[in-house]
Amino acid sequence: MDLRVVKGKSFQNQRVIMRGSRYEDCTFILCHMVYDGEGLFSFDNCTFVECNWSFEGAAENTLEFLAALYVGLGYEGQQLVESVFASIRTGKVKDQMIPLLPH
């Protein structure tokens with residue numbers, strides 16, 4: 001999927017749904033940044049000033065799923081969610097099986 005390039009633009013007091021765009025050298029001031037899980041996006045050399053971030057739609061569903069695993073499966077669920085976060089920290093989440101962290 002090709003991302004629409006948004007370059008050098010300033011956003012202020014706006015709701016920004018990030019899907020489908022590559023933001024380059026943009027400034028976001030007091031914006032509500034929304035990720036809905038419905039497509040890719042990227043930021044390159046952007047500045048964020050006092051922005052709020054939220055997850056909606058499929059992205060929110062994924063967070064609720066992780067929360068349910070963490071709370072509902074006890075220690076194993078907690079280890080699974082911690083393993084997901086560990087894979088995020090290393091940048092290795094695409095097409096990966098997530099192993100449980102060792103006890």
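**Close-up views of a predicted protein chain**

**View 1. Burial and surface of the chain.** Of the 103 residues in the protein chain, 26% count as buried (under 20% relative accessible area, with exposed meaning over 50% and partly exposed in between; 1.4 Å probe, protein chains only). The chain exposes about 7200 Å², and 55% of that comes from carbon and sulfur atoms; the areas follow the Shrake-Rupley method with a 1.4 Å probe. Please keep in mind that this is a predicted model, where local features need pLDDT of at least 70, side-chain atom pairs count only at pLDDT 80 or more, and totals for chains, interfaces and linings use all residues. Residues are numbered from 1 along each chain as its sequence is written, and side-chain values use heavy atoms, leaving out hydrogens and water.

**View 2. Order of the elements.** Here you can follow two helices and nine strands, taken as DSSP runs (helices H or I, at least four residues; strands E, at least two) and numbered from the N terminus. Along the sequence the pattern reads β-β-β-β-β-β-β-β-β-α-α.

**View 3. The open sheet.** Three strands line up in the order β3-β6-β9 with parallel pairing, where two strands pair if DSSP finds at least two bridges between them. At the edges sit β3 (15-17) and β9 (52-55), each pairing on one side only. Neighbouring strands of this sheet are turned by 25° against each other on average, direction ignored; the axes are lines fitted to C-alpha atoms, and angles run from 0 to 180 degrees between N-to-C directions.

**View 4. Where β6 meets β9.** Strand β6 (residues 32-35) joins β9 in the parallel sense over four bridges. Look for M33, whose bridge partner in β9 is W53.
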